[in-house]
Amino acid sequence: MKKHLLYFILLFLLVFHSFEYSAQAGIFRVRLLVDKALTSSVTFTTANQSTNAYSNFRFPSNLQDSIKFYIQKTVKSQLFKESNFIYDLKADGSKRTTLETGTYAGGYPKMSKKRAIFGYEEELYVKMKIKVQGYNGPSFGAMGVQYSNIHPTVKVKIKAFDIDKKKVYSRKIRLWDFDKISSISYTGQLGSITNTNALNPQQIYEMIKHTLLVFNEEEERNR
């Protein structure tokens, strides 16, 4: 009798564990934009308003991995599912990921919803957008020299779809509570040069992390 009871308990645990493991959310697309206005120490604007921003911004691998960790943590908090990143594959079997452009962060999944559903068996399919942007405040100063502040903001948006491509979840958050960064512009006949107290990858990362943590805290309070 005890052997039969133990057998049924083990069988139940195996079935329950399999269900929990299969209840997954596949993250098939992440777009992470970082505004060059925040990361460019020098911006040149010509007289015809053509702008050239000089930035070599990119996340090092450790910060990229940490952002992935907090993305997965956020998906679990919002959707109550363990999540993993799923990738479209190239002809040679390598993962298709976003390219590093200085504006968009590289190394994240880049796949259509259709291919994600066709290629992976998940309960939910998730895409996320993260935008780190800068908005110019009012300028002041003498002729030819203008001082201003840039207001950083982070916006996060998550959408989730079921196997029938139906949207089952959509939520977003935007935070403005970050320190302003200063800039100074010098204007002449050929255009203007703007020097900005640009942010580094660690500072951008901390802003993203803070936004995702607030996102999750709000979800906890609303339950």
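Tutor: Contact means heavy atoms within 4.5 Å of each other. This is a predicted model, where local features need pLDDT of at least 70, side-chain atom pairs count only at pLDDT 80 or more, and totals for chains, interfaces and linings use all residues. Residues are numbered from 1 along each chain as its sequence is written, and side-chain values use heavy atoms, without hydrogens and water.

Student: Which residues is Lys 68 in contact with, leaving aside its neighbours within four places in sequence?

Tutor: Lys 68 lies in helix H3, residues 61-79 (helices, H or I, have at least four residues and strands, E, at least two; both are DSSP runs numbered from the N terminus). Beyond neighbours within four places in sequence, its contacts are Phe 85, Tyr 87, Gly 107 and Tyr 108.

Student: Which side chain of opposite charge is nearest to Lys 68?

Tutor: Lys 68 is buried (under 20% relative accessible area, with exposed over 50% and partly exposed in between, 1.4 Å probe, protein chains only). Lys and Arg count as positive, Asp and Glu as negative, while His and the chain ends are not counted. Lys 68 has no salt bridge (a side-chain nitrogen of Lys or Arg within 4 Å of a carboxyl oxygen of Asp or Glu). At 4.6 Å, the nearest side chain of opposite charge is Asp 65.

Student: Is Ser 192 buried or exposed?

Tutor: Ser 192 is found in strand E9, residues 191-196. Because its relative accessibility is 15%, Ser 192 counts as buried.

Student: How far apart in space are Ser 192 and Gly 144?

Tutor: In sequence, Ser 192 and Gly 144 are 48 residues apart. From C-alpha to C-alpha, their separation in space is 8.7 Å.
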